[in-house]
Amino acid sequence: MLRTISSRISRRFYTTSRYETYHGGAIKTYYNPTLTGLSPSENEFREAVWEFSARVVKPKVDEIERGGSYSALMELHKEIAGMGLHGLTVPAKNLGLELGYTHHLLAMEALSYSSASLALSYGAHSNLCVNQLSRWGSEAQKSEWLPGLLDGRYLGALAMSESGAGSDVLGCMKTVAKKVDGGYLLNGNKFWITNGPKADVFIVYAKDVVEHGAKQTYTTFLVPRITPGFTTGKPLDKFGMRGSPTCELIFTDVFLPPSSILGDSQHHGAKVLMSGLDLERLVLSGGPLGIMQAAYDTALEYVHQREQFGVRVGTIGSMQAKIADMYTKLNTARAFVYSVARAVDYHTQEAAPGYPVFQRRDCAAAILYATDKAIEVALECMQCLGGNGYINEYPAARYLADARLYAVGAGTQEVRRWLIGREVNSDFE
């Protein structure tokens with residue numbers, strides 16, 4: 001479970017140094033807590049996860065990025081489970097911490113600072129899989145799967161996208177569930193599936209076989225890796241997030257009993273999918289924030305160590321302008337994303353069971369804005385480092401490659417803008 005470790009954390013933000021250090025200086029960050037609006041308990045949680053990120057994750061970054069067997073990543077998932085971070089939004093009766101999406105976002109940000117690849121895998125497990133199972137699963141399904149997913153024995157994943165079904169995932173979906181005696185036959189493929197090569201259980205969306213002319217419906221299934229007929233392709237060779245395991249899923253006459261249907265989602269899979277996307281966008285917004293903070297910190301330290309023309313590079317006017325822009329983009333993005341998370345937590349507690357749809361635009365806006373700013377800050381970090389920003393001995397190029405994932409993952413930036421515009425325009429209908 002989460003441990004109180006604030007006594008071991010060096011706080012420097014209320015002195016002239018204006019930085020925080022964690023685990024004896026393994027992380028030195030210019031994160032500005034004075035602008036976050038976090039409560040004392042939320043800030044204590046944030047510091048605890050940053051300390052964990054510095055102590056446990058950061059030393060293994062190179063090993064994570066090499067991928068291969070993903071052994072380091074799998075070991076870290078068990079360490080994360082020891083902190084209780086897999087069950088942040090899971091009710092206490094189901095062994096979770098019963099906190100909220102603000103805490104989930106904070107964890108995603110802290111882990112992304114040290115390793116965006118690990119954090120993406122963590123987000124796919126804890127939000128896309130665990131949170132969906134917690135929200136929509138039956139009590140029997142929760143009893144069977146949540147204990148292992150929360151304590152690190154199992155790794156989870158979610159399967160929605162297909163090679164021909166990305167932005168129009170429902171309209172172009174080909175994976176089909178056909179009702180047969182005693183259950184369903186699942187056939188089709190899913191693509192770009194985070195945790196696919198290593199996951200033990202998958203939440204899978206499929207379209208139902210319906211009569212000609214009838215409305216198309218969808219169903220959500222829980223599919224264990226060991227199910228006959230289910231296989232995975234080789235890990236995909238990606239531009240960024242290279243330490244995050246990703247592959248194709250292949251379903252060939254996979255028989256699933258009715259108990260495999262996620263909760264009461266038979267023919268209501270579209271509702272499950274869309275509500276999950278909203279919360280996925282919110283929690284994953286922590287990814288760009290963590291990358292952005294890492295890029296800013298790297299650039300700031302570099303320009304105040306390197307000298308040209310007899311002065312520190314950071315004191316040159318053009319470089320000061322870059323630092324100012326990076327600082328502003330980082331902190332405006334964080335303030336906006338945190339405010340959306342707080343609003344979602346409030347309305348989730350106050351509203352009827354389910355997700356308040358009227359905040360869909362805000363979840364999309366959070367990841368849209370954070371992603372745009374993260375890419376811009378990562379580019380400026382590379383520029384601040386000059387030639388060193390272009391070689392892999394320094395992390396600047398990795399920041400950019402990792403940030404780019406969020407421009408297409410969990411929905412593209414174009415679809416996010418379309419969704420926000422559609423939701424705003426609906427106010428006039």
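Buried means under 20% relative accessible area, exposed over 50% and partly exposed in between, using a 1.4 Å probe and protein chains only. Helices (H or I, at least four residues) and strands (E, at least two) are DSSP runs, numbered from the N terminus.

This is a predicted model, where local features need pLDDT of at least 70, side-chain atom pairs count only at pLDDT 80 or more, and totals for chains, interfaces and linings use all residues. Residues are numbered from 1 along each chain as its sequence is written, and side-chain values use heavy atoms, without hydrogens and water.

**Stop one: α1.** Select residues 40-57, helix α1. Of its 18 residues, 14 are buried, so the rest of the structure largely encloses α1.

**Stop two: the largest cavity.** On a 1 Å grid over the protein atoms alone, a cavity is a set of points where a 1.4 Å probe fits but cannot get out; lining residues have an atom within 4 Å of a point. Select N127, L128, N131 and Q132, then L273, G276 and L277, which are among the lining of the largest cavity. α8 gives the most, with five residues.

**Stop three: the second largest cavity.** Now select M74, H77, H86, H125, G152, Y154 and L155. They line the second largest cavity.

**Stop four: the largest pocket.** A pocket is an open set with protein on both sides within 12 Å along at least five of seven lines. Select S161, V408, G409, A410 and G411, which lie nearest the centre of the largest pocket. Its lining has 41 residues.

How values were computed: Expected span 1.5 Å × (residues − 1).
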